[in-house]
Amino acid sequence: MHKRSEELFERASSILVGGVNSPVRAFRGVGGSPVFMSRGGGSHVEDEDGNSYVDYVLSWGPLILGHAHPAVVDAVIGAVRAGSSFGAPTLREIELAEMVRSYYPSLEKLRFVSSGTEACMGAVRAARGFTGRDKIIKFEGCYHGHADYLLAKAGSGATTLGRPDSRGVPASFTEHTIIVPYNDVKAVERAFAEHGPDLAAVIVEPVAGNMGLILPEPGFLDSLRNLCTHFDSVLIFDEVLVGFRIKDGAQGHYKVRPDLTCLGKVIGGGFPVGCYGGKKEIMSRVAPEGPVYQAGTLSGNPVAMAAGLATLEELGKEGVFGDLENRTRSLVAALRKEAESLGESVSIVSVGSLFCVFFADKAPINYGEATGTDSQRYGRFFHSMLKRGIYLAPSAFESAFMSTAHSYKDIDKTARAFRESLQESAGGK
Ligand code: PLP
């Protein structure tokens, strides 16, 4: 059934590290070898053996309109015909920036980069440059890309590999990073009591999507806001994953305004885009306005800008967000019903167009609880779903994504496969 994928993986492994270009793709979190995809359309992807799947990975989140949406394809073709990159300012950068700010008014000024990693690096550097301080607070299990000082207790890929910290990162690079458990206000207060005047920033995923999906407990984000205000530290919301997956973002939904925000994924519509931005007085420290240096050859690339603009324009059409959230709710309700009827201890967490299946009695609230869920069972369940034409993240510590292309027929198919896969994966079979 996956003969060609297996052959390709063998070939890839002889030239690409681990046979992949990003670790979690290698299926080490669920066992077996990865499926090589050849094409995608709407809610479906097809692999090199011709198997078709309902896709809940969606390139790890960016494809909120599904694969090869005609508006995005047309925009990209139009842009590339006019020249793929100039390394000079273009109109589309302004248009996308204005569009992003219409959803995220806290981004008074922003800078486009080419990945979420770069966005987080830029935001932390701007915060340090603005405050003249070095230390940052980061939460256990939150992932902010692979910058050295942010790779401490970084969730998902690293967790899947069982190596929460990376080799190759000198201890001195993380000495300014203070790690605190997610949702633990008391621990954050203790960190501020000890380091407050040295703290440049708190960086947080306001909805955590890299240790499975974990929602902020009531009051958690407000406490971060109050502490940062009190100590003149910069509050950074990393909404790279959650951005546009909740209407108005996590900051609109939970009504907490950060000083800086990082975005990525959806704003590039499947092309490499990230951005960071926020308060004018902080962003005006970034070059060329200020002394905090940051640059990129392909930043604001016209093709990527065109894909992002087309994506956000489609999303902004009347009723599109609401419909996407309704479909996600229907899917989650259907899955919960199947689990309950089988008496399974499954906890399904969801917000906006994100969801996540945990094999646990109750939804985890932090990294320790997330890694305490049954990831072996998830591995068996994942393969049962794959066999039935449902492509989920090949790791128990990732979120699943819906798109506007997912139909009620897809939802029914997923619910049926879910029931059978719960049965098949039970009891260590
Ligand atoms: N921040 C968050 C919350 C993410 O989920 C990710 C990637 O998954 C990143 C940052 C890094 O983004 P990228 O993979 O585009 O570098």
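A crossing is left-handed if the near helix is turned anticlockwise from the far one by less than a right angle, and right-handed if clockwise. The model treated here is predicted: local features need pLDDT of at least 70, side-chain atom pairs count only at pLDDT 80 or more, and totals for chains, interfaces and linings use all residues. Residues are numbered from 1 along each chain as its sequence is written, and side-chain values use heavy atoms, with hydrogens and water left out.

**Exercise 1.** Describe the packing of helix H13 against H14.

*Solution.* Step 1: helices (H or I, at least four residues) and strands (E, at least two) are DSSP runs, numbered from the N terminus. H13 covers residues 375–387.

Step 1: axes are lines fitted to C-alpha atoms, for helices over the stretch in contact, and angles run from 0 to 180 degrees between N-to-C directions. The axes of H13 and H14 come within 8 Å and cross at roughly 135 degrees.

Step 2: angles under 35 degrees count as roughly parallel, over 145 as roughly antiparallel, 65 to 115 as roughly perpendicular and the rest as oblique. H13 and H14 are therefore oblique to each other, and H13 passes H14 in a right-handed crossing.

Step 3: contact (heavy atoms within 4.5 Å) is made by Arg-377, Arg-380, Phe-381, Ser-384, Met-385 and Lys-387 of H13 and by Thr-414, Ala-417, Phe-418, Ser-421, Leu-422, Glu-424 and Ser-425 of H14.

Step 4: Ala, Val, Leu, Ile, Met, Phe, Trp, Tyr, Cys and Pro count as nonpolar, Asp, Glu, Lys and Arg as charged, and the others, Gly among them, as polar.

**Exercise 2.** Carry out the analysis for H11 and H14.

*Solution.* Step 1: H11 (residues 320–341) and H14 (residues 408–425) pack at about 25 degrees, with axes 9 Å apart. The two helices are therefore roughly parallel to each other.

Step 1: the crossing of H11 past H14 is right-handed. Among the contacting residues are Leu-331 and Leu-335 of H11 and Phe-418 and Leu-422 of H14. By class, nine residues are nonpolar, four polar and three charged.

**Exercise 3.** Classify the pair H6 and H7.

*Solution.* Step 1: the axes of H6 (residues 185–195) and H7 (residues 220–231) come within 10 Å and cross at roughly 10 degrees. H6 and H7 are therefore roughly parallel to each other.

Step 1: Val-185, Val-188, Glu-189 and Phe-192 in H6 meet H7 residues including Phe-220 and Leu-224. The contact divides into eight nonpolar, one polar and one charged residue.
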